[in-house]
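Subject: Handing over a structure

Hi,

I am passing this structure on to you, with some notes on what I found in it. Please have a look at it first, then read on below.

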Amino acid sequence: MIASARSLFRSITIRTSIKFVAGTEARLPGLLIGSGFAVLCSTLKTTPAMTEPTYLSAAAAAALDAELMSEPGFTLEQLMELAGLAVAEAVYTVVEERRPSPQIKPKILVICGPGNNGGDGLVAARHLVLFGYECVIVYPKRSSKQHFVNLQKQCEDMGIAVLNGMPDDFEDRSGEYAAIVDSIFGFSFHGEPRVPFDSILLRLKKAQDSALVVSVDVPSGWDVDEGDVGGFGFSPQVLISLTAPKGCAKKFKGRHFVGGRFVPPYLEEKYQFRMPKYPGTSQVVELKRVPKYTGWEAEYAAYLAEKATAEQSTPQKTSLVEEESWEAQYAAYLQEKEATEFASYEARNEEL
Ligand SMILES: NC(=O)C1=CN([C@@H]2O[C@H](COP(=O)(O)OP(=O)(O)OC[C@H]3O[C@@H](n4cnc5c(N)ncnc54)[C@H](O)[C@@H]3O)[C@@H](O)[C@H]2O)[C@@H](O)CC1
Ligand SMILES: [K+]
């Protein structure tokens with residue numbers, strides 16, 4: 001009896017489920033005819049879209065930066081320390097995954113530009129040494145601002161060599177670096193890269209197939225809003241966006257982290273972007289690309305994202321990426337869903 005009621009319930013549920021766009025499911029009223037049957041309530045259930053990043057334009061990023069330093073009164077030093085720590089954490093994450101042996105100390109080359117993006121690199125290098133790595137910094141156009149002089153001194157005090165230009169044997173030895181950090185230009189870059197960064201970027205482009213290149217905030221040489229419109233072709237494997245991804249990140253195809261966990265919520269609202277959900281005490285979160293699913297896969301993906309949000313976990317870390325096991329998981333999900341819906345249908349029946 002229960003089994004037949006269940007199967008009737010299932011067929012009605014299936015027939016009355018209509019999918020509109022991905023992530024939105026509308027359940028039409030189902031009419032159950034006969035004694036004890038009643039009108040099932042109609043529900044319109046909107047499941048949130050998968051976690052899609054929001055983007056900041058170059059102008060908005062600069063305005064937000066200025067506002068952070070005026071309204072909440074952060075100092076550049078504070079923000080740069082957190083940004084650089086986030087960069088170090090992202091670099092550590094990807095390097096540890098590929099580390100061949102705990103006995104081999106990873107060596108990181110950090111290439112710093114003339115502005116604050118370069119400052120993030122100086123901070124990151126110091127933290128990476130504190131994490132147990134070896135670092136070498138290339139810093140061709142050094143800022144004379146006291147904070148930058150201090151950062152450089154702090155690096156040297158940690159035993160980090162700070163070079164004026166790329167190592168002569170860079171081409172031969174680029175594969176020896178566990179990662180190369182591109183901390184050359186951030187959101188204030190415009191035009192064509194000038195000397196000496198033009199040739200450094202060309203050398204980085206040639207090395208990008210043999211070394212793991214991690215760009216800070218923006219892949220250097222890319223237009224901040226549009227991407228590599230200059231056709232320069234530099235393409236890092238990893239990007240760590242600070243505060244929020246800039247427009248160019250839409251064109252980025254590699255591993256994407258977001259860091260810079262310091263924005264007060266009212267600025268998030270004002271600048272219309274969404275801070276990612278950082279796990280635990282972490283300074284960074286990796287944004288996993290969510291493939292465009294259709295049919296039952298879309299329904300199940302939306303369910304997983306909703307569940308992750310409800311559990312306050314990171315949707316990126318759900319089994320969304322383990323597609324092999326989806327069918328089995330989906331079958332279990334359907335069973336669970338059916339049992340829950342049947343129980344509530346029975347409860348409503350008893351009420352009537
Ligand atoms: N709010 C945030 O998220 C924070 C951002 N920070 C970092 O600050 C960066 C922005 O810093 P800045 O505004 O100093 O700018 P950038 O570091 O992007 O670069 C500015 C420097 O690059 C030079 N430059 C620009 N175009 C050039 C070209 N075509 N050829 C050669 N040189 C060129 C400029 O003359 C200037 O010296 C961000 O991208 C981020 O990395 C952090 O340090 C602090 C917090
Ligand atoms: K960069």
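Phe131 is partly exposed, because its relative accessible area of 33% falls between the 20% limit for buried and the 50% limit for exposed. Please keep in mind that this is a predicted model. You will find Phe131 in the loop that runs between α4 (116-130) and β5 (134-138). Leaving aside residues up to four places away in sequence, Phe131 touches Leu85, Ala88, Glu89 and Tyr92. Asp182 is 51 residues from Phe131 along the chain, and their C-alpha atoms are 19 Å apart.

Now to the ligand. Which residues come nearest to ligand 1? They are Asp65, Asp120, Gly186, Ser188 and Asp217, out of 22 residues around ligand 1. Sorted by class, that shell has 10 nonpolar, seven polar and five charged residues. The helices α2 (58-70), α3 (76-98) and α4 each supply at least two residues of the shell, and α4 gives the most, with three residues.

Several polar atoms of the protein lie by oxygen atoms of ligand 1:

- Ser188 has a polar side-chain atom 2.6 Å from an oxygen atom of ligand 1.
- Thr243 has a polar side-chain atom 2.7 Å from an oxygen atom of ligand 1.
- Asn116 has a polar backbone atom 2.9 Å from an oxygen atom of ligand 1.

On its own, ligand 1 has 880 Å² of accessible area, and the protein covers 86% of that.

Enjoy looking around!

Best wishes

Conventions. Residues are numbered from 1 along each chain as its sequence is written. Chains are lettered from A and ligands numbered from 1 in the order in which they are written. This is a predicted model: local features need pLDDT of at least 70, side-chain atom pairs count only at pLDDT 80 or more; totals for chains, interfaces and linings use all residues. Side-chain values use heavy atoms; hydrogens and water are left out. Helices (H or I, at least four residues) and strands (E, at least two) are DSSP runs, numbered from the N terminus. Buried means under 20% relative accessible area, exposed over 50%, partly exposed in between (1.4 Å probe, protein chains only). Contact means heavy atoms within 4.5 Å. A residue is near a molecule or strand if one of its heavy atoms lies within 4 Å of it. A polar contact is a pair of N or O atoms within 3.5 Å; within protein, one must be able to donate a hydrogen and the other to accept it, and residues adjacent in sequence count only if both atoms are side-chain atoms. Accessible areas come from the Shrake-Rupley method with a 1.4 Å probe; for residues, only the protein chains shown count as cover. Ala, Val, Leu, Ile, Met, Phe, Trp, Tyr, Cys and Pro count as nonpolar, Asp, Glu, Lys and Arg as charged, and the others, Gly among them, as polar.
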